[in-house]
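Welcome! Below is a short tour of a sheet and of the aromatic rings that go with it.

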Amino acid sequence: MLEEVERWLGRRSWSVADRPIDRLLAAKRAHGTTVSVVLPALNEEATVGDIVAVIRRDLMSEAVPLVDELVVLDSGSTDRTAEVAAKAGARVVARDEVLPRVPAVPGKGEVLWRSLLVTDGDVVCFVDSDLREFDADFVTGIVGPLLTEPDVAFVKAMYDRPFTGAGTGAGAGVGAGTGAGAGTGGGADGGAGQGGRVTELVARPLLNLHWPLLAGFVQPLGGEYAARRSLLERLPFPVGYGVELGLLVDALHLVGLDALAQVDVGVRLHRHQDERALGRMAAAIYRTAQLRLSRGHLVRPRLTQFDRTEAGFTPRTHPVDTEERPPMREVAEYVRSRRVA
């Protein structure tokens, strides 16, 4: 590890306990900072309501007004995700209703990008919507440095990730299909106590080899992170699984390592993806890195996997997420609504 990264770890890695809620509220009042929480969701009726309820109860009360806005951005759920989220107290926005002149494509990054158009907070906090036994520490932990440290612009959560086996529930198709639901940024790839399988086998080697300044991030693909709007609106968003890696790499280049941080929030419990979904996730993450390493002429990639059928091994070919949305500051509707210079 680079000496610069070792110094960064001591300076920019914290625990959620380092910033009590009273300190956060005082900093928020002093600077007039507003906070938006966004939950991207696709068929997460089993968990999204509990997450919304905890945030409403613990962080949006008269006594603890830390979060100003809570939005669930629904990516075309076919279950009761929107109904459950709204009943629990979230404002639910359908992906296709945001910026309708630009046809939506499947992918988690697409949803996160569009969320900037329907939120107002100076700080935007993303939380995956498949978390179980959710605690408000996930929000206070990653928002905290952005309220108390003016030179920090982007904060990732770090945590233990006990592996309990691949998920097969209603939301398990996220990894296989649209990729817009919770956990698709790499927090859904299993692994006991460390990063998940895609993190350890794909993302961490890529970062260490090509962006060694980012080698200190414990959960580079985790779906829980917060950033200043002023930074997010300047970043391109990969539309699919590569969004977390893309944002992290681009933020490094734009604001430098010392503006990035991570906070230990404890334990993350969620639904895990199966190996086929992880393969597609890995391909998209590799492609995101590839695009950042070379902006030359590259063929549109596909990933072929095999199913055992009566006819033997049958190939199934899937497109790999390659499209990216431009920085929001380049979108006319955003510029007009925010009066961005």
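## The sheet and its rings

Lys156 stands opposite Gln262 in strand E10. This is a predicted model, in which local features need pLDDT of at least 70, side-chain atom pairs count only at pLDDT 80 or more, and totals for chains, interfaces and linings use all residues. Residues are numbered from 1 along each chain as its sequence is written, and side-chain values use heavy atoms, leaving out hydrogens and water.

Let us begin with the strands, which are DSSP runs of E with at least two residues, while helices are runs of H or I with at least four, both numbered from the N terminus. Two strands pair if DSSP finds at least two bridges between them. An open sheet is formed by 8 strands in the order E1-E10-E7-E8-E5-E2-E3-E4, with mixed pairing. Strand E1 (13-15) and strand E4 (91-94) stand at the edges with a single partner strand each, so one side of each has no neighbour in the sheet.

Here are some of the pairings:

| Strands | Bridges | Direction |
|---|---|---|
| E7 and E10 (residues 260-267) | 6 bridges | parallel |
| E2 (residues 35-41) and E5 | 4 bridges | parallel |
| E5 and E8 | 4 bridges | antiparallel |

Which residues cover the faces of strand E5 (residues 123-126)? Val123 and Cys125 lie on one side, Val124 and Phe126 on the other, and all are buried (under 20% relative accessible area with a 1.4 Å probe, protein chains only; exposed is over 50%, partly exposed in between).

Now to the rings. Rings of Phe, Tyr and Trp (its six-membered ring) pair if their centres lie within 6.5 Å; planes under 30 degrees apart count as stacked, over 60 as edge-to-face and the rest as tilted. By this rule there are 5 aromatic pairs. In one of them, the centres of Phe138 and Tyr159 are 6.1 Å apart and the planes stand at 40 degrees, so the pair is tilted. Phe138 belongs to helix H6 (residues 137-148) and Tyr159 to strand E7 (residues 154-160), so this pair ties together parts 21 residues apart in sequence. Phe138 and Tyr159 are buried.

For Phe154 and Tyr225, the ring centres are 5.7 Å apart with planes at 25 degrees, so the pair is stacked. Ring pairs also link Phe126, Phe154 and Tyr225 into a cluster.
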